[in-house]
Amino acid sequence: MELKKDLILPPKPQLLDKEAWSGVRAYKSCYCCHGTGYVVRTERVLKSPHTFTRPILCKRIGCTAASRVQVDPLIVDDRLTPSECQELHELGLADWQAADKNWHESRQKALLKQMSEGATKRIEE
């Protein structure tokens, strides 16, 4: 059987980088629960989280994700206050901004290194 050509062209590498980082920002609404309704970073809330820890309900004001999940107090942990969830949101946002900045800086350094290596190769030739 003859192999057929793929009908969909692969995206350009720089576009992949941009999409990878912009796609994570889709949950802008809440960095406490990332739009799931449950707190994502339980180690910031509990002294010793483990595999069997009950999910912690996000109660941040303005976050509507918790309305779409199980809220029974026998199943989920609902001890957090809206102000604590807001604090977790701000910490998560700061983490994201730091990671975003570090990624862009490392990408810039890699591009500069690639350009300088290309320039030195041309000089040597």
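Arg79 counts as exposed, at 61% relative accessibility; here buried means under 20% relative accessible area, exposed over 50%, and partly exposed in between (1.4 Å probe, protein chains only). This is a predicted model, in which local features need pLDDT of at least 70 and side-chain atom pairs count only at pLDDT 80 or more, while totals for chains, interfaces and linings use all residues. Residues are numbered from 1 along each chain as its sequence is written, and side-chain values use heavy atoms, with hydrogens and water left out.

Back to Arg79, then. You'll find Arg79 in the loop between H1 and H2; helices (H or I, at least four residues) and strands (E, at least two) are DSSP runs, numbered from the N terminus. Leaving aside residues up to four places away in sequence, Arg79 touches Leu46 and Glu84, where contact means heavy atoms within 4.5 Å. The C-alpha atoms of Arg79 and Lys59 sit 9.4 Å apart, and the two residues are 20 residues apart along the chain.

Zooming out, the chain has 2 helices and 0 strands. Of its 125 residues, 20% count as buried. Take the contacts between residues at least 6 apart in sequence: 53% of them join residues at least 24 apart.

Now for the inside. The largest nonpolar core has 12 residues in all, among them Cys30, Cys32, Cys33, Cys58, Cys63 and Cys85. Val39, Leu46, Ile56, Ala65, Leu80 and Leu88 belong to that core too. Such a core is a set of buried Ala, Val, Leu, Ile, Met, Phe, Trp, Tyr and Cys residues joined through side-chain atoms within 4.5 Å. Leu88 touches Tyr31, Cys32, Val39, Arg44, Val45 and Leu80, again not counting residues up to four places away in sequence.

On to the charges. The structure holds 5 salt bridges, each being a side-chain nitrogen of Lys or Arg within 4 Å of a carboxyl oxygen of Asp or Glu. These are some of them:

| Salt bridge | N to O distance |
|---|---|
| Arg41 and Glu43 | 2.3 Å |
| Arg41 and Asp95 | 3.5 Å |
| Arg44 and Asp95 | 2.4 Å |

Through shared partners, salt bridges join Arg41, Glu43, Arg44 and Asp95 into one network. As for accessibility, Glu43 is partly exposed at 41%, and Arg41 is partly exposed at 36%. Asp95 is partly exposed at 34%, and so is Arg44 at 31%.

Arg41 and Asp95 turn up again at the largest pocket: along with Tyr31, His34 and Gly92, they lie nearest its centre, out of 13 lining residues. On a 1 Å grid over the protein atoms alone, a pocket is an open set of points where a 1.4 Å probe fits, with protein on both sides within 12 Å along at least five of seven lines, and lining residues have an atom within 4 Å of a point. The volume of the largest pocket is about 170 Å³, counted as the space filled by probe spheres set on the points. Its lining has 8 nonpolar, 2 polar and 3 charged residues.

One last stop is His34, in the loop between H1 and H2. His34 is partly exposed, with a relative accessible area of 30%. Its phi is near 55°, a positive value in a residue other than glycine. Most residues other than glycine have a negative phi.

How values were computed
Ala, Val, Leu, Ile, Met, Phe, Trp, Tyr, Cys and Pro count as nonpolar, Asp, Glu, Lys and Arg as charged, and the others, Gly among them, as polar.
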